[in-house]
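Visitor: I have a structure to go through. Please show me how to read the contact between its chains.

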Amino acid sequence: MLILCQYPTLLLLPKKGNFPPYTVNCMSRFRISLNKALISFLLVFIFSASNQVFAADGEALFKANCANCHKPDADYTGPALKGWSKRVPNPEWIYKWVANPAQMIASDAYAKALFEKWKPTVMTAFGNLKKDEVDAILKYVDDYTPPVAAQAGANGASSGESDNSLLFGILTLVMAVVAFILLQVNSNLRKLTDEKEGIYRTEPIPFYRNKTYIMTMILILFAVGGYYTISGAIGLGRMKNYQPVQPIYYSHKVHAGTNQISCLYCHGSAQDSKHAGIPSVNVCMNCHMAIKEYKGDPIVREDGTNVNGTEEIQKLYKYAGWNPDTKSYNPDNNGDGTPDGAQPISWVKIHNLPDHVYFNHSQHVKVGKQQCQTCHGNIQEMPEVYQFSTLSMGWCINCHRESKVDFYNKESGEGNKFYSIYEKFHKDLKDHKVDSITVEKIGGTECQKCHY
Amino acid sequence: MKKIATLSVVVLTMSLAFVSCDSKREPGKIYMPDMTYSRAYETYAEIDSSLFTGDQSMRGSSKIYYDNKPVTGTIKRGELFPYTLPNDSNGYKMSAMVKNPLDSISAADLKEAGRLFNINCAICHGEKGAGNGPISTSGKIGGIANLTLDNYIKMADGTMFHSITYGKNNMGSYASQLDRNQRWMMVKYIRTLQPKPASATDSTKTK
């Protein structure tokens, strides 16, 4: 608003500057009419501007001037503004207060009480706001109704992927039993017919001593048992789909998906260090100083219960030692350098590599320019994070066999300078002997790259 | 006969032993713990805190050490000197006198600054700095600064750095996410987002 007021004058000034040589040579009559024209022009401008901005847009004014500290319907850095008229001593009070709060605190009893409640913050003086602008803001505040959160799409929990293997297993078993009974019936019938026809046969061996049966059973057991044993042994140390319960129900879907926060905002050390890093609590508080409650779409757990987002944020405040009522950290009385009651959050690490493997995030994120999602899956769609990849050696090697190296290009100056030592590859690429070089070719699958 | 029975029992138990405990809430089983768990102190590992604090009453307890800060007074190689102004209204006023130690910024650095801006700042301030990032437009945090406005064009580099370092109003401190050099780079980058001063009189400030 302030800017809008200033720009017209800025625009007018050079125009005015064109006139002096003319006006000096003219009679004063001309000057007067000129002034009149200027004034009327200015008036028209202000009028039209006020039509656009001042009267109509209390919301814009509120957002530009007040929203830093005030919310219409809730206490923030300053009090909630809705219903102000019932609280202030007289309607004129509010204009005086907006123009100069400090002076009011010194002279007015209600202003002093207000300051006592919200100190040490003193409201900034808005002497530049005109009366009708203040009116527009107050009207916006009084008419304000909170937007209704969309309740649609609540039942996001899918039950479509039910596991049919149990059903099939039971069916197979039933069929096997039926087949077995039929075989027995068959042999009995044959026995009967044989007796009728007077053919003598040796007493049939019972099935449990029948060598064919025994052999089949052993083979089946061997195959099934062997399959499970081997796949179980391979799975040792692999934790795909591992989804531990975390101390706070932190939804990556809400943060990285709905709110589009970059992964590196919180996990910034992924570009500088071996570890992707868990953000310290102050990073959470960057936003959660202001965001006290969850108002988005309901988050549903797998068992169908709803997550109370606001409660989860309260947990964060407890860990941070933050008092949402006073909007400040607890004092540090025990002298440990952190607010009293603050403690680190014991997140449970999901992606674990054995100690005999070296993995460095910065190599992959900053140098290799890999997306987080390549290994971690669509994190921005996971309410609760689980391990997406197997993190097995074969999985690593596969990617190294396929990923193309970003060579340094002397002409464009782009690419990774480190690889300029591989001049031969460079030449081969130029001569079109090969069309790309994979990580494997530059030693990316050598044992010592990861095991040392 | 007995042999077969015992054999089948052995095979069954072995396969069961490997297959069972397949809950996704529990970490899987590992072999060779010596090769899986680090003997060295790994980041975020829970450690007997008496090893670090010398406080023997804490013996056997395990705490997580998130911020193993460098020794007080040490400066990383190539790192700028610490910013000494305190986080109070006086420091804020004085910050206007602090000059940006980066005289000029290379194109590559500016690109990097832009990348960091998009990660750390654009979420609220918007990619063009006009205060219209996703958090701002969805109304989750109110009153986000439009950095292209006149009062931010006039704001001194040092004051901007001060605000990024300590936070201002609803904005938190970004000192843990951006080092000093990056913060000064950020100030340079924000200047490129701002429109050129409207008239000649305004251009006395650092551009």
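**Reading the interface**

Guide: Across the interface of chain B and chain A, the rule finds 3 salt bridges. A salt bridge here is a side-chain nitrogen of Lys or Arg within 4 Å of a carboxyl oxygen of Asp or Glu. In one, B:Arg25 pairs with A:Glu384, with the closest N and O atoms 3.1 Å apart.

Visitor: Which elements give two or more residues to the side of chain B that touches chain A?

Guide: They are helix 1 (2-19), helix 2 (33-36), helix 5 (107-120) and helix 7 (134-137) of chain B. Helices are DSSP runs of H or I, at least four residues, numbered from the N terminus. Helix 1 of chain B gives the largest share, 8 residues.

Guide: This is a predicted model: local features need pLDDT of at least 70, side-chain atom pairs count only at pLDDT 80 or more, and totals for chains, interfaces and linings use all residues. Residues are numbered from 1 along each chain as its sequence is written, chains are lettered from A and ligands numbered from 1 in the order in which they are written, and side-chain values use heavy atoms, with hydrogens and water left out.

Visitor: How is the size of an interface often given?

Guide: Often as the accessible area lost when the parts come together. Buried area uses a 1.4 Å probe and is summed over both parts. Between chain B and chain A, the buried area is about 4600 Å². Carbon and sulfur atoms give 59% of that.

Visitor: How many residues are in contact?

Guide: Contact means heavy atoms within 4.5 Å. By that rule, 50 residues of chain B touch 56 residues of chain A.

Conventions:
Buried area = accessible area lost by both parts, 1.4 Å probe.
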